[in-house]
Amino acid sequence: MNTTDYYRKLGQKVIYQIYPKSFYDSNGDGIGDLRGIIQKIPYIEKLNVDMIWFNPFFVSPQNDNGYDIADYYKIDPRFGTMADFKELEQRLKEIHVDVMLDMVLNHCSTSHPWFQKALAGDPKYRAYFYIRPSKKDGSVPTNWQSKFGGSAWKKFGNSSDYYLHLYDPTQADLDWHNPDVRKEAAQIVNFWRNKGVKGFRFDVINVTGKDTNLRNSTDPQQEKKLYTDTPVVHTYLKELNQNSFGRDSSIITVGEMSSTTVNNSIAYTQPQNHELSMVFTFHHLKVDYKNGNKWKTIPFDFAALKKLLFEWQTELDRHGGWNALFWNNHDQPRALNRFGNVHEYREKSAEMLALVLHLLRGTPYIYQGEELGMPNPSYSEISSYNDVETKNAYNALLKKGYSEQEAFKAVSLKSRDNSRTPMQWNATKYAGFSTTKPWLMPTNQAKINVERELAHGEIFEFYQKLIQLRKTEELIAIGHFEALFAEHPQVFAYRRFLNEQQIIVLANFYEKETSIEIPKKLQGQVSLLLGNYPFKYNEQLPKKLKLRPYEALAFKPLS
């Protein structure tokens, strides 16, 4: 496959993310399942996506909603059976939709047989984990902090040793220095590849690059660098590629890359390096953090958002890397609450965000409910949340002296559960998701749901048009990127170009009307590709263009 065909394969794809626990409950237990997804295939077909990324549905104690895996080869009974998965994969194949599975290979559940054998003293399996003796004074091996709060070390059974867990204590980090661990990882990927899976998303894969000699950190930023995005990750990915998914050129992969860099992401995704197809990066979703603190929310920094997205687009384009494009996923609050206006301009701001993202260079991801304009839930108490990170953060803030009201407000804005509420199929009490009380309650289904959107809404249809554009306009799939109006305080704009063709994207990120001076070379006749307002210039672009609240448009200059 030549380079152009390789990028075309990636650039024409649109991937839809399903959080199985929250998509549709077919058996009335309050939890979404595989048969529920099968029942909703007609809805998926209507959207016309190419692949579905499923969050984990493997056997798990569910301490971190399935990211604590106890058996990589079996479907958790609460989600269904292997027969259900085979039927789901086959039914999706019939509508030309492939399956992408979530591979959580940096850590496993402490309930996993590997960890249990290690606890029993088996030296082979002890070597699967970072098990270290305490310091001479009995304290933990290093001062590292878990990403979910507290120490990253926990006592290893009844011994004086400790094991490393960068996340929840029930998620023990696997030691990728051990070739047996890397062999297990390849075997897992190959097992699912043989089941017809055509895509793999690798969870926090760049934190596998820890040193063998773990040492104390001096501050949180330096601490991340001790185990994140280190050079050995490239070695691990090349080996995994060679031993599993790289054997099939039709497979698409994406790595979740914590605190990565532009240069590393280029290297991860350049096709000649044989590592990954694309990467998820998160810098653009931290522009509303105060001093990098997730739980201290400020109005988003638009200038920083533009600078980050423009830099990643430009550099990966220039050097042959590839972006995974997204505003939303299961770990993020709804982008509509962060960057849009959920009250006065829900539809227009949802469409603006969609147009800005989907016409960038890369592969777009749509998170379930995004195509309906679903916002965060309206919870009023901490007991409404399920997420371990949210609860830990709330308690940590209380210990720091926050009042209950202050702590609740802080976590309610950024909780991962904001995106995990059930898919809203209709306006009933449980949003048509289940016949019984769901594991997480919906709150705004009366006005925002599939039934109403398909009958009277405009957002779903707007997404359909964006998806169709990506499939039919080669310029969108493989064209280059150039930032426009970089200093404008309200407008996000760019140019996609390929040979003599070009597309211009203009978007007002705010509810206040604004205007831009159109460069002379772009004035004149244009062909409108898509806009979220009626285009009022009769295909003739003026010297000064006014953009209405959250207006976004894409057009081709004809002259």
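Predicted model: local features only at pLDDT ≥ 70, side-chain atom pairs only at ≥ 80, totals over all residues.
- In volume, the second largest pocket comes to about 880 Å³.
- If you sort the lining by class, you get 16 nonpolar, 12 polar and nine charged residues.

**Helix H4**

- H4 runs over residues 82–94, which makes 13 residues, and it reaches 18 Å from first C-alpha to last, close to the 18 Å expected at 1.5 Å a residue.
- Its buried residues are Asp84, Phe85, Leu88, Glu89 and Leu92.
- Looking down the helix axis, you'd find the buried residues of H4 within an arc of 135°, so they line one face of the helix.
- Over on the other side of H4, Ala83, Lys93 and Glu94 are exposed.
- The cover over the buried residues of H4 includes both helices and strands: helix H2 (34–39), helix H3 (41–47) and helix H7 (179–193), plus strand E2 (51–54), strand E4 (71–75) and strand E5 (98–103).
- After H4 comes His96, which has a positive phi, near 65°.

**Helix H10**

- H10 (residues 262–269) is mostly covered, with seven of its eight residues buried.
- Those buried residues are Val262, Asn264, Ser265, Ile266, Ala267, Tyr268 and Thr269.
- Covering them are, among others, helix H1 (3–11), helix H9 (232–243), helix H11 (302–319) and strand E13 (278–280).

**Leu558**

- You'll find Leu558 in the segment after strand E25 (552–557).
- Leu558 has a relative accessibility of 53%, and because the cut-off for exposed is over 50%, Leu558 counts as exposed.
- Leaving aside residues up to four places away in sequence, Leu558 touches Gln525, Val526 and Ser527.
- Leu558 and Glu45 sit 513 residues apart along the chain, and their C-alpha atoms are separated by 34 Å.

Conventions
Residues numbered from 1 in each chain as written. Heavy atoms only, no water. Helix = DSSP H or I, 4+ residues; strand = E, 2+ residues; numbered from the N terminus. Expected span 1.5 Å × (residues − 1). Buried < 20%, exposed > 50% of the residue type's maximum accessible area, 1.4 Å probe, protein only. Arc of directions from axis to C-beta. Contact = heavy atoms within 4.5 Å. 1 Å grid on protein atoms, 1.4 Å probe; cavity = no way out; pocket = protein on both sides within 12 Å on 5 of 7 lines; lining within 4 Å. Points joined across faces, edges and corners; volume = space filled by probe spheres on them. Nonpolar A, V, L, I, M, F, W, Y, C, P; charged D, E, K, R; others polar.
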